[in-house]
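I opened my notebook to record, step by step, what I looked up in this structure. The entries are meant for someone who is reading a protein model for the first time.

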Amino acid sequence: MTTPIIAPSILAADFANIQREVEMLNNSEADWIHVDIMDGIFVPNISFGIPVTQAIHEHANKPLDVHLMIEKPENYVQAFKKAGAEIITVHYEACPHLHRNIQQIKDLGCKAGVALNPHTNVQLLEDVIQDIDMVCIMSVNPGFGGQKFIENTYKKVRQLKEIISDAGATTLIEIDGGVNQDNAKDLLDAGADVLVAGSFVFSSEDPINTISKLKTV
Ligand SMILES: O=C(CO)[C@H](O)[C@H](O)COP(=O)(O)O
Ligand SMILES: [Fe+2]
């Protein structure tokens, strides 16, 4: 087990003080800042979009890991790259032409991720696993922060790890939703590389310390 990449989700931050929240993350052991984009169509909630991502980027000294929970992501990836995204993740369920979407993201110079809803089998990524930098396994149904972690995630992580190693690929496994101190170690033992944590970090009394604890779990 190697040291995990920790990506706090800004969705759970205080939006009225976004600069202060980003500066807090700058001063923490967070590796990336996870930015959740929701369109109210692919998921039943709207978060924020390109100008807010740009504002986060202007204050951040860490890579932005942009999670697009939107339909037709191909219409927006260039704008998110321009707004500062380094990693762009699209949903398998939103992309009938997933291979093309992945190439588009990589051609822009970004790392490409693919997210899977809880019901989507990891085997569906076998034919693109060599092409992608990261798989984001959703451990809650996308659309809201603060939900309960789905236990079936461990099985998916183990299955995906095997697919990645059989392919000789270096794809990272990210876990998104309901991550906390109680499930982090088991997720890493199962093969996860990146832990996203929103409410667990931002609703804690000392977010910097909470991030450090996740980093060394
Ligand atoms: O993509 C997401 C929701 O769709 C969020 O990244 C995720 O929910 C993280 O928040 P929390 O740690 O509070 O569950
Ligand atoms: Fe997310």
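The entries below go from the whole chain to the sheet, the core and then single residues.

**Entry 1: ground rules.** I note that this is a predicted model, in which local features need pLDDT of at least 70 and side-chain atom pairs count only at pLDDT 80 or more, while totals for chains, interfaces and linings use all residues. Residues are numbered from 1 along each chain as its sequence is written, and chains are lettered from A and ligands numbered from 1 in the order in which they are written.

**Entry 2: the whole chain.** I found eight helices and eight strands in the protein chain; helices (H or I, at least four residues) and strands (E, at least two) are DSSP runs, numbered from the N terminus. Along its principal axes the C-alpha trace spans about 40 × 35 × 30 Å. The radius of gyration is 16 Å, which agrees with the value near 17 Å that a compact globule of 217 residues would have; this radius is taken over C-alpha atoms, and the globule rule is 2.2 Å times the number of residues to the power 0.38.

**Entry 3: the sheet.** In what order do the eight strands form the open sheet? I read the order as β1-β8-β7-β6-β5-β4-β3-β2, with parallel pairing, where two strands pair if DSSP finds at least two bridges between them. The edge strands, β1 (5-8) and β2 (33-38), each pair on one side only, and the twist averages 25° from one strand to the next. I then looked at β5 (residues 111-116), which pairs with β6 in the parallel sense over four bridges, and I saw that L116 has I137 in β6 as its bridge partner. Helix α4 (residues 98-107) packs on the sheet, where it touches β4 (85-91) and β5, and its direction makes about 145° with that of β5. Such angles run from 0 to 180 degrees between N-to-C directions, and the axes are lines fitted to C-alpha atoms, for helices over the stretch in contact.

**Entry 4: the core.** The largest nonpolar core has 69 residues, and among those that touch the most other members are I33, V66 and I137. Such a core is a set of buried Ala, Val, Leu, Ile, Met, Phe, Trp, Tyr and Cys residues joined through C-beta atoms within 7 Å. Strand β6 (residues 134-138) gives the largest share of this core, five residues.

Entry 5: S9 is in the loop between β1 and α1 (18-26), whereas G145 lies in the loop between β6 and α5. Is S9 buried or exposed? S9 counts as buried because it has 23 C-beta neighbours inside 10 Å; the cut-offs are 20 or more other C-beta atoms within 10 Å for buried, 12 or fewer for exposed, and partly exposed in between, with C-beta atoms placed from the backbone. Leaving aside neighbours within four places in sequence, the contacts of S9 include G145 and G198, a contact being a pair of residues whose C-beta atoms lie within 7 Å.

**Entry 6: E151.** I also looked up E151, in the loop between β6 and α5, and E151 counts as exposed because it has 11 C-beta neighbours inside 10 Å.

Conventions:
Contact = placed C-beta atoms within 7 Å.
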